[in-house]
Amino acid sequence: MVNRKNNWLKKFIGMIVVIAVVMAFLPIYSFASGATENVADEAGLLAAAANANEGNTSKIVLDNDITITNFLGFHKNANVEIDLNGHNITSDVAYPVMVGSKASASFTGTGTIKSTHANGVAISVMGIPAKEEDKVSLQ
């Protein structure tokens, strides 16, 4: 009788160990609260950026070309991917996209980010304009 109890206990502990090992190798982001937001206009894009700044959005996908009249800022807890999805972001402000020092933003997909301002640049990183010579990498 003692051997049967020990065998059951060994099997149970073995299953717990297997589950713990599998969980350890799962990607961490699968447990993240971030969501994907599809946006079609300036209001949607600014709202998605605000959600990203609160750590609630992990990916923003453009559904249309968007013209913004204010800057798009990422700061605080933002860790976001912006998928241009074949669309463009255009603005007449000097720095249409600003990424703060505590934020992470990656831009993927095809499309452009453009400032039509006379002294404008597309993306400002930590308050310093990112130009071609700064070797900013966009996918």
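## Overall layout

From the N terminus on, the elements of this protein follow the order α-β-α-β-β-β-β-β-β-β-β-β-β. That comes to two helices and 11 strands. The model is a predicted one.

The protein has 139 residues, of which 26% count as buried. Among contacts between residues at least 6 apart in sequence, 53% join residues at least 24 apart.

## The nonpolar core

The largest nonpolar core holds 22 residues, and those touching the most other members are Leu-45, Ile-60, Leu-62, Phe-74, Ile-82 and Val-97. Two or more residues of this core come from each of α2 (42-53), β2 (57-62), β3 (66-68), β4 (72-74), β5 (79-83) and β7 (97-99). Helix α2 gives the most, with four residues. In soluble globular proteins, nonpolar side chains tend to be buried together.

Leaving aside residues up to four places away in sequence, Leu-62 touches Val-39, Leu-45, Ile-82, Asp-83, Leu-84, Asn-85, His-87, Asn-88 and Ile-89.

## Strands β2 and β5

By the rule used here, the count of salt bridges comes to one. This salt bridge joins the side chains of Glu-81 and Lys-59, at 3.8 Å from N to O. Glu-81 lies in strand β5 and Lys-59 in strand β2, so the pair ties together parts that are 22 residues apart in sequence. Side chains of opposite charge can pair when their charged atoms come close.

Are the two partners buried, exposed or partly exposed? Glu-81 is partly exposed, with a relative accessible area of 24%, and Lys-59 is partly exposed at 25%. Thr-57 is also found in strand β2. Thr-57 counts as buried because its relative accessibility is 3%, and the cut-off for buried is under 20%. The C-alpha atoms of Thr-57 and Glu-81 are separated by 9.0 Å, and the two residues are 24 apart along the chain.

Which residues make the nonpolar surface patch of about 790 Å²? They are Trp-8, Leu-9, Phe-12, Ile-13, Met-15, Ile-16, Val-17 and Val-21.

One of them, Val-17, is found in helix α1, which spans residues 2-25. Val-17 has a relative accessible area of 46%, so this residue is partly exposed.

Methods
Residues numbered from 1 in each chain as written. Predicted model: local features only at pLDDT ≥ 70, side-chain atom pairs only at ≥ 80, totals over all residues. Heavy atoms only, no water. Core = buried A, V, L, I, M, F, W, Y, C linked by side-chain atoms within 4.5 Å. Buried < 20%, exposed > 50% of the residue type's maximum accessible area, 1.4 Å probe, protein only. Contact = heavy atoms within 4.5 Å. Patch = residues over 30% accessible without salt bridge, like charges linked within 9 Å, V, L, I, M, F, W, Y side chains within 5 Å. Areas by Shrake-Rupley, 256 points an atom, 1.4 Å probe, with all protein chains shown as cover. Salt bridge = Lys/Arg side-chain N within 4 Å of Asp/Glu carboxyl O.
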